[in-house]
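Me: Could you walk me through some of the terms used for this structure? I'd like to see what stands behind each one.

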Protein chains: 2
Amino acid sequence: MKIEANNPQLKSWLKTDLSSDFPIQNIPFGVAMPPGKSPRVVSRIGDWVIDLLEAYELGFFEGMSISKSVFDNNYINELMALGKNKTRAVRNRISLFMLEDDTFMASKKSARFTYPVADCEMLMPVKVGDYTDFYSSEEHATNVGTMFRDPENALLPNWKHLPVGYHGRASSIVVSGTPIHRPTGQTIPPDSNTPVFGPCRLLDFELEMGFVVGGETRLGQRISAAEAEEYIFGLVLFNDWSARDIQKWEYVPLGPFLAKSFASTISPWIITLDALEPFRVAGPEQDPKVLPYLEYEGKKNYDIHLEVIIRTPNGDENVVCRSNFKYMYWNMTQQLAHHTVNGCNFKTGDMCASGTISGKSPDSYGSMLELSWKGTKPIKMSDGTERKFIQDGDTVILRGYGENEGVRIGFGEAEGKIYPALDME
Amino acid sequence: MKIEANNPQLKSWLKTDLSSDFPIQNIPFGVAMPPGKSPRVVSRIGDWVIDLLEAYELGFFEGMSISKSVFDNNYINELMALGKNKTRAVRNRISLFMLEDDTFMASKKSARFTYPVADCEMLMPVKVGDYTDFYSSEEHATNVGTMFRDPENALLPNWKHLPVGYHGRASSIVVSGTPIHRPTGQTIPPDSNTPVFGPCRLLDFELEMGFVVGGETRLGQRISAAEAEEYIFGLVLFNDWSARDIQKWEYVPLGPFLAKSFASTISPWIITLDALEPFRVAGPEQDPKVLPYLEYEGKKNYDIHLEVIIRTPNGDENVVCRSNFKYMYWNMTQQLAHHTVNGCNFKTGDMCASGTISGKSPDSYGSMLELSWKGTKPIKMSDGTERKFIQDGDTVILRGYGENEGVRIGFGEAEGKIYPALDME
């Protein structure tokens, strides 16, 4: 598959430096409020937000049979619902009118449809319907199993036969920059059977990636692994904030609940699956062999460098984790095939997250739980303090990018600052 | 609290018999397609659907500052979002113009705004945002714990300290009458470590009630038990279809997933919490004492008779379970207080279900798992067959009603017929 907008030779009349996450080959989608304007669907090149509603009004999408409401919208759902053929054409068209040597659009370039990104408020790009969190990193599941169960049998018997997942809370998925208050809840003191109530003490991040579904299926309809990519519109960085002490007490027998539902932070730009095409790599060999409905062909993992930064209150950035999306044992097409094998239906805007993405080396673990090994190995910060878990005043930042043929396609940031627990009255 | 529309003396010019679930004291809300018309918000008296959009056009809601889109809508969400004061006024107004001796409306009674219920297609009444399933019946949790873990310690240590719950799938909540195909998935044969793929063999219902939230909270905001009723718009019957064999294999460690997400069936009429006022009863004593944020005052349980019917392919109805909503250990106000204690936000249309409602006697168990005690005690049907679980061609029907001072407020039915698994190719 060759997607025009991905051509590494392309250059935009908006200048970007090589370290930018958003060259003209990216063309992500998001929702922004430009200065003095209503929320609208936007794209981005370098440090410039491209106002797609204004571009629409300027006639840049002429001949595409797209209604104005696709861009005059609080969410990109209506855009995604157009389907891959159309959204791919939209992305190619944006690429076209942002090209350095484009003559057709040249006369209109001075028109006011770009804004410095610093002047725009980025909003939740997607109205999320249902949200599912998977648990698809073998290293993460092994680490957790080793810590809490049995190092000899760290993975439960089902783990290599199906992508374990569970339903999560959609309402509390928030866009990067949203303040997060430390949650309160029940926890169980050591050697006690009686819970106490108070702020979470073991607050953690989870380094994940999420994908957004564009397209709808009927109840009873399956999405095969082979057709799954048609339904995956794009990806975001996903911080699945976790309250480990609340989780420990509440999660039997029905799984994590309040330990997760207080907030999840996503990056504001949906990077299309198309834009990530250059970073496809083979996934790990799956042994034992999976059931036929989970078989897939081709390269379905993505080489995306990921890192987690803790910004301490003094402003220092400490990289505490370097991981990669390519480590996933179960890929996204398998996740969708599994999720729908029982006939569960999907709607445009539904989101699935990967589960914590850990690698083999201890500095690639995607949560403080693993990095500090349950708090036994505190991590040094540049300001001289240590972290076992996340403290009030800390900001956790996820970053990610792929790089190939000199083109870097990045995700920007998923950032959240932790504030003290709210008044418990 | 005295709610005008609940007055047991009221009589409507639409005649109902005493066994009807929908006397003028009910005034539920739903969404229907009357013959040749678009979907719209409706109510019901006896066997008549009341077209609220038509009533609006006829001026019946004059002076209430309500926009037409509240009724000219595919869902009742916009109505619920008006808040309790307004929705209560709407319910009172409907009661008023349906009164037998009403003079103000008398001239308009002949106008065409009622239809026989049999002529209307009932649709999903609510656009569900997030859906949470609780596990709040002590008898159900005890039965499950006894069967699968340890009769001596059937309840897990957290059960009496918090209302255990988990996130469920919202997209597959469907309205009564929607055909349900037996799900397929992975199960583990006895004495094997290798799963097989195929149709679920242990298909079950779960007798539950669901409540719908009207009103929105911010991230970080709590709903106290005392204020929770302001957010509970109304209730439905809720069949949480369950694939027991799929559940058994998949659910560790993160909880039920595909075993539940293939479908849940709700009754089409939202019975307002106001209409259920006459059926308040005290809940069971909670021992040990709950944490302060879970304390509540007054009667927060509801005396609602529930039954489950299996209609075999020959058309016979077999009542297999008689239970009651009043058995719940954890009430709805506690569920909401717990759900939001970590700051998790709610949106209008979010739904919470009770968990299976079982009583103490074996004929009050709310699932086949319990009724047939894991398949060891088959249940006889009137056609001579037996059931351990649900078979293809069976229809499962939930019914429920409260009765007090000669007034019966019912829920109608949540009905779903099971069809064979879809082609597995």
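Reply: Happy to! In this model, 60 residues of chain B are in contact with 59 residues of chain A, contact meaning heavy atoms within 4.5 Å. The model is predicted, so local features need pLDDT of at least 70 and side-chain atom pairs count only at pLDDT 80 or more, while totals for chains, interfaces and linings use all residues. Residues are numbered from 1 along each chain as its sequence is written, chains are lettered from A in the order in which they are written, and side-chain values use heavy atoms, leaving out hydrogens and water.

Me: Why is the pair A:Arg169 and B:Asp130 called a salt bridge?

Reply: The term requires a side-chain nitrogen of Lys or Arg within 4 Å of a carboxyl oxygen of Asp or Glu. For A:Arg169 and B:Asp130 the N to O distance is 3.4 Å, so the pair qualifies. The count between chain B and chain A is 4 salt bridges.

Me: What makes β13(A) and β14(A) paired strands?

Reply: Strands are DSSP runs (E, at least two residues), numbered from the N terminus, and two of them pair if DSSP finds at least two bridges between them. Here 7 bridges join β13 (residues 207-213) to β14(A), running antiparallel, so the pairing holds. Within β14(A), A:Phe238 stands opposite A:Glu208.

Conventions
Helix = DSSP H or I, 4+ residues; strand = E, 2+ residues; numbered from the N terminus.
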